[in-house]
Amino acid sequence: MREGQNAVIYRADYQAPAYWIDTVDLCFDLDPAKTRVLNKMKVRRNPDVPAQALKLDGDELNLARVLVNGQGTSFKMEGDRLVLENLPEGHEPFDLEIFTTCAPARNSKLMGLYVSNESFFTQCEAEGFRRITYFLDRPDVMASYTVTLRADKQKYPVLLSNGNLVDQGDLGDGRHFAKWVDPHRKPCYLFALVAGQLVCREQKIRSRGGKDHLLQVYVRPGDLDKTEHAMNSLIASVAWDEARFKLPLDLERFMIVATSDFNMGAMENKGLNIFNTKYVLASQATATDTDFSNIESVVGHEYFHNWSGNRVTCRDWFQLSLKEGLTVFRDQEFSQDLAGEASARAVKRIEDVRVLRTAQFPEDAGPMAHPVRPEQYLEINNFYTVTVYEKGAEVVRMMQTLVGREGFERGITLYFQRHDGQAVTCDDFAQAIADANPGSQLQQLLEPFRRWYSQAGTPRVHARTQWDAASGTYTVDFTQHCPPTPGQAEKQPSVIPIAWGLLDASGREVGQGMFVLTEASQRLTVPGLTAEPVPSLLRGFSAPVILEWDASDEQLLALLEHDTDPFNRWEAGQRLAVRRALAAIEGSGVVELDTSFIEAMRNILRHPNLDAAFKELVLTLPAEAYIAEQLEVVDPQRVHAVRESMREQLATALVDDWAWAYEQNHENGAYSPDPVSSGRRALAGLALAHLCIAARKSNDTVWPGKAYQRFKDASNMTDRFNALAALVVSGQDLARPALDKFHGMFRDEALVLDKWFSLQAGAPDRGGNVLPIVRQLMQHPDFNIRNPNRARSLIFSYCSANPGAFHRPDAAGYVFWGDRVMELDAINPQVAARLARALDRWRKLAEPMRSAAREAIARVAGKPDLSNDVREVVTRALAD
Ligand code: B3K
Ligand code: ZN
């Protein structure tokens, strides 16, 4: 076993680095088989730390030479680390020169320097820089970088790195060079280089402050016509950060480069963002409305990191949410501000909460539960989680709620003034927001509020309401508790802002406010009412908690009809649906939707004033994963069957209304991805799916025929794909020819083929047919497990996103899962570890699935030579 392979890292063990690296001069001779890296550093001892050896991180490097002040020096290896003991004494800087080689073409982990489609790319966060050269690979070591790239001019005409291009030219032997200087100090995880045959869309902009900047989006030749939306999103991001938070672009040149081989969405390298093509390329013919909006938010996210992450970075990786939670919050606000209208903002909020509740809440209740600021890790890549990102963003959002929007902007200003150029902690962030708002609730409650960073688990808030007619007083008794999570048995009360409102019988608002729950139990009292109101609690989802409120159907129906808070209006519909699903799942397994529910849904669908996007959200039943979370013991096939049955009943009972909605919304003129027309397309798509489902029940061929026609004629991918999906989810015979045709039309469009794989792997199971289809698709010539997007589109869509098909009583889904986790682990541990998490919630499964799942996990855990990534996930899953 390699040294360090088992080492768990603890937050409490943080120590400042023993050396600082002030400057780095890197020279690359790029070659896929063997790239030479000459790294010349200025290093000095950290005067605040006792004298000790310099231990540099490295991974899969070949070391050729080490020079100190130009002289050879003794060194030794401690595992992967290069240890230098005989360094100059005193605190003067010295020169350290390290010459190594690496093999980018063989780098299938896609960390460090790798080759994709014959171009070079890097990914250094979190610990990839050590795969490029020996270094102090930790975010609190910040240096100034000069980078020279040398490569064959024909094969690699474009040579990019961070900062400004200061020199370029020919080397005479068919090779050329480019020299880049980054004007900003940075941690090594923000280093990047790109080399290859790329073309770019560029645009000059002048900022509000009057500075000129060059924006560039680099893609492969042939993809240029798909870059307009990314460029527009970037321009909007620059303008938004300047307007909302007074944070300007600090670079003359800002580049985005797209690659089709990428472990995650994108990476915020200083001035040279590297993106998964999925979050750059879009045309109306190939990308859906969802793709367009994801691109906007990911471009924004990476751009916003330029301040929240790059100018102020993390002291250590336990502080990851310092940059990720804050930046997700910023991208959510950006998308909301661009959406404009209150209703469109609410739609975005509902979508964000849906992610939190279907992905983060299960994480917080499972074996990988961890605080927003984790205490320990084996492999940091396992902690780029929905907890660190999405729950982290909710924590930032609650701060904004407690100090107000203006107060929060003051807090952000203070944070960047105070910490610009530093590597800091989550505590520093909360402190700055509080200090900028003396007297605010956040400042007064800062100590208990910090528990959001240290306690794992989703707090449960129970609300019990009481009406005292004699005094006209309404009271809500809140209690909170948080279930134990691994390593944390006891929890203290959280600070929970609860936005509330009261509605009278006619739906008029008769009271509203913000109640901040700080104790285990507390009472909200509202006097002066003339009749019993309907309470609307946790409006806008003002805190990331589970609200247990035993509302009557009448109360929920009233909220669905009238609530002035769109979030809770949607939430009321979800509660009504979940309640019906749970009753059936826990009871006879048969669900029969009552008239009041169906009428309420009809009223929303037919509502004259509500936006189509909002209607689509209300009419979409809660996800199987969300329903499953409400159960003690889960039989995923039963959950699936009940939800399907509810969907069929909604389809049949509202068939005329769906047809009406389709007719009203399916024509949208020239394509534009704006919220109004994308909402109309979404509702038309949902209507078409329900019409095809109803048609299957009644053996009617009209709507499937219309769907097929629409599939063929659509002028944009959203409509085309929705029509295709309608045929597939309703199990129409026309699904097969449509799928074949779709493949033929888009055989050269990788991102569209991903959709094709994903749709089939995520289709509703009919008698166990999905797994054989998935196995067959693994053999398809277009399938390639080494490409993360393709692996996700097929394997993850089945294992992680299709519970009804994956959790088979015969355990065949789990066997498939285990095989793929092990296969992927040998190629790309990060991707494998993500897949490994598909069985996180195995303990909740009903037998025989539970035992079979445990056995499958144990089989993976028993494999020798597992990566740290996968080993951490499966070990935690099996731990008692
Ligand atoms: N910071 C990167 C994520 C890096 C993940 C490393 N495993 C993207 C982002 O959050 O913006
Ligand atoms: Zn991020």
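In this report, buried means under 20% relative accessible area, exposed over 50% and partly exposed in between, with a 1.4 Å probe and protein chains only. By that criterion glutamate 324 is buried, at a relative accessible area of 1%.

The structure is a predicted model, in which local features need pLDDT of at least 70, side-chain atom pairs count only at pLDDT 80 or more, and totals for chains, interfaces and linings use all residues. Residues are numbered from 1 along each chain as its sequence is written, chains are lettered from A and ligands numbered from 1 in the order in which they are written, and side-chain values use heavy atoms, with hydrogens and water left out.

Histidine 301 belongs to helix α2 and glutamate 324 to helix α3, so the pair ties together parts that are 23 residues apart in sequence. Helices (H or I, at least four residues) and strands (E, at least two) are DSSP runs, numbered from the N terminus. Histidine 301 also counts as buried, at 7% relative accessibility.

**The site of ligand 1**

Ligand 1 is surrounded by 15 residues, the closest being Glu125, Glu268, Glu302, Asn381 and Tyr389; a residue is near a molecule or strand if one of its heavy atoms lies within 4 Å of it. The shell comprises six nonpolar, four polar and five charged residues. In this classification Ala, Val, Leu, Ile, Met, Phe, Trp, Tyr, Cys and Pro count as nonpolar, Asp, Glu, Lys and Arg as charged, and the others, Gly among them, as polar. At least two residues of the shell come from each of β21 (266–267), α2 (289–304) and α3 (320–339).

| Side chain | Atom of ligand 1 | Distance |
|---|---|---|
| Glutamate 268 | nitrogen | 2.8 Å |
| Glutamate 302 | oxygen | 2.8 Å |
| Asparagine 381 | nitrogen | 2.8 Å |

Taken alone, ligand 1 exposes 340 Å², and the protein buries 94% of that. Accessible areas come from the Shrake-Rupley method with a 1.4 Å probe; for residues, only the protein chains shown count as cover.

Glutamate 125 and alanine 126 are joined by a cis peptide bond with omega of about 0°. Alanine 126 is placed in the loop between β11 (119–123) and β12 (142–152).

**Histidine 370**

Histidine 370 occupies the loop between α4 (342–364) and β24 (376–377) and, at 2% relative accessibility, counts as buried. A polar atom of its side chain lies 2.7 Å from the backbone oxygen of methionine 368. The side chain of histidine 370 also makes a polar contact with the side chain of threonine 385 at 2.8 Å. A polar contact is a pair of N or O atoms within 3.5 Å; within protein, one must be able to donate a hydrogen and the other to accept it, and residues adjacent in sequence count only if both atoms are side-chain atoms. Not counting residues up to four places away in sequence, histidine 370 touches Glu363, Asp364, Phe383, Thr385, Thr387, Val388 and Ala456, contact meaning heavy atoms within 4.5 Å.

**Histidine 780 and helix α23**

Histidine 780 lies in the loop between α22 (770–778) and α23 (788–799). Its side chain reaches the backbone nitrogen of aspartate 782 at 3.0 Å. Leaving aside neighbours within four places in sequence, histidine 780 is in contact with His743, Trp756 and Phe757. Helix α23 itself is mostly covered, with 11 of its 12 residues buried. These buried residues pack against β22, α21 (750–761), α22, α24 (803–806), α25 (812–827) and α26 (829–836).

**Backbone features**

The peptide bond from glutamate 847 to proline 848 is cis, with omega near 5°, and proline 848 sits in the loop between α26 and α27 (849–861). Leucine 110, although not a glycine, has a positive phi of about 60°; this residue is in the loop between β9 (94–102) and β10 (112–116) and counts as buried at 5% relative accessibility. Leucine 538 has a positive phi near 60°, is placed in the loop between β31 (534–537) and β32 (546–549), and counts as buried at 5% relative accessibility.
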